[in-house]
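Please look through the structure below before reading on. The paragraphs after it go from the whole chain to its parts.

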Amino acid sequence: MTNFLPFFIDLKDKKIVIIGGGNIAERRIKRLLPFREHISIVSPTLTESLEQMIQSHHISWVKETCQKQHLQHADFIVIATNDPTTNRYITENAPASAWVNASHQADAGNIHFPTTIEKGRLKIAISTGGASPILAKKIKDSIEQAIPDQYDKYIDFLFEARQLIKQSKLTNIERKQLLQELVESPIYAHTEQQKWLEQLK
Ligand SMILES: C[C@@]1(CC(=O)O)C2=NC(=C\c3[nH]c(c(CCC(=O)O)c3CC(=O)O)Cc3[nH]c(c(CC(=O)O)c3CCC(=O)O)/C=C3\N/C(=C\2)[C@@H](CCC(=O)O)[C@]3(C)CC(=O)O)/[C@H]1CCC(=O)O
Ligand SMILES: NC(=O)c1ccc[n+]([C@@H]2O[C@H](COP(=O)([O-])OP(=O)(O)OC[C@H]3O[C@@H](n4cnc5c(N)ncnc54)[C@H](O)[C@@H]3O)[C@@H](O)[C@H]2O)c1
């Protein structure tokens, strides 16, 4: 079994190519668009919803079946066709440097889509390494219930506080104590957060 390293990546300037225009392609595009507007789809057909999406985003549609030139220079390839021969062709002809998501067969690619929880800066990604996406979803639901509603703003406050602490003249021990305190005794009220930040300015 291949061992996958969990990571958070920036897709800016990356060339993303999705092969196939069905349900899975649609699911992948919805996940990718908030992080990268420029995406190419290579597929003879598109779902209705994808047809609408290409009108309103920087998605380019190559209305062809997949050939080698579509894979050249791609940084990130999503295999999402319903044709096993094409799916295999892509895994065999993708550039060695590309990240390949093989939605038809987990271990044929080198990158998996996890299920994710996103609350502002907080991002949690869960994967079962292709064992059970349904279990991944179940774990997501239970973690989501345990995250307080105020976390979104509270984590922004932690970010701001940490920037100020890093710029301060405090010793390393004092910095660590303050950072620890902010987590052990969370401040959720906006006015209290502002007061706390003012003291450091
Ligand atoms: C996280 C999520 C994101 C997303 O897809 O958006 C995701 N699958 C989701 C749902 C889901 N997928 C499938 C079902 C039907 C039930 C079932 O088969 O179990 C359901 C359930 C449903 O639809 O409710 C079928 C399926 N999935 C894969 C294969 C191929 C294989 O197993 O080799 C097949 C068979 C295809 C076929 O039958 O031909 C493979 C992968 N699916 C992954 C991610 C990656 C591993 C993540 C992990 O290990 O946890 C991985 C390895 C690769 C990848 O695609 O990156 C999303 C989570 C739910 C959510 O968050 O809502
Ligand atoms: N990872 C997952 O979570 C997951 C879940 C379900 C299915 N799948 C797998 O994903 C794949 C796609 O499933 P789907 O439901 O989106 O299928 P779909 O039938 O909705 O769409 C398939 C698309 O592939 C296109 N296509 C076919 N041959 C092509 C070629 N040679 N070149 C380019 N495009 C081509 C079709 O025109 C169509 O747009 C299947 O292999 C399926 O097993 C993965």
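The C-alpha centres of domain 1 and domain 3 lie 43 Å apart. The protein is assigned domain 1 (16-113), domain 2 (114-147) and domain 3 (151-200); such bounds come from an automatic or database domain assignment. This is a predicted model, in which local features need pLDDT of at least 70 and side-chain atom pairs count only at pLDDT 80 or more, while totals for chains, interfaces and linings use all residues. Residues are numbered from 1 along each chain as its sequence is written, and chains are lettered from A and ligands numbered from 1 in the order in which they are written.

We turn to the sheets. Helices (H or I, at least four residues) and strands (E, at least two) are DSSP runs, numbered from the N terminus. Two strands count as paired if DSSP finds at least two bridges between them. Strands of a sheet pair through backbone hydrogen bonds, either parallel or antiparallel.

Five strands form an open sheet in the order β3-β2-β1-β4-β5, and their pairing is parallel. Because β3 (59-62) and β5 (99-102) are at the edges with a single partner strand each, one side of each has no neighbour in the sheet. On average, neighbouring strands here are turned by 15° against each other, direction ignored. Strand β2 (residues 39-42) is joined to β3 by four bridges, and the two run parallel.

Strand β6 (residues 115-119) and strand β7 (residues 122-126) run antiparallel and are joined by five bridges. Together β6 and β7 make a hairpin with two residues between them, and G120 in the turn has a positive phi of about 60°. E118 is placed opposite K123 in β7.

Next come the helices. Helix α1 lies across β1 (16-19), β2 and β4 (76-79), running at about 160° to β1. Axes are lines fitted to C-alpha atoms, for helices over the stretch in contact, and angles run from 0 to 180 degrees between N-to-C directions. The axes of α1 and helix α2 (residues 48-56) come within 9 Å and cross at roughly 35°. A25, E26 and I29 of α1 make the contact with S49, L50 and M53 of α2; residues are in contact if their C-beta atoms, placed from the backbone, lie within 7 Å. These contact residues divide into four nonpolar, one polar and one charged. Here Ala, Val, Leu, Ile, Met, Phe, Trp, Tyr, Cys and Pro count as nonpolar, Asp, Glu, Lys and Arg as charged, and the others, Gly among them, as polar.

What surrounds the ligands? A residue is near a molecule if its C-beta atom, placed from the backbone, lies within 6 Å of it. Around ligand 1 there are 20 residues, of which A106, F113, T115, P133 and A136 come nearest. Helix α5 (residues 133-146) gives the most to this shell, with four residues. At least three residues of the shell around ligand 1 come from each of domain 1 (16-113) and domain 2 (114-147). By type, the shell around ligand 1 has seven nonpolar, 11 polar and two charged residues.

Ligand 2 has 21 residues around it, and G20, G21, G22, I24 and H104 come nearest. Helix α1 (residues 23-32) supplies the largest share of that shell, three residues. The shell around ligand 2 divides into eight nonpolar, 12 polar and one charged.

Conventions: Two residues are in contact if their C-beta atoms, placed from the backbone, lie within 7 Å.
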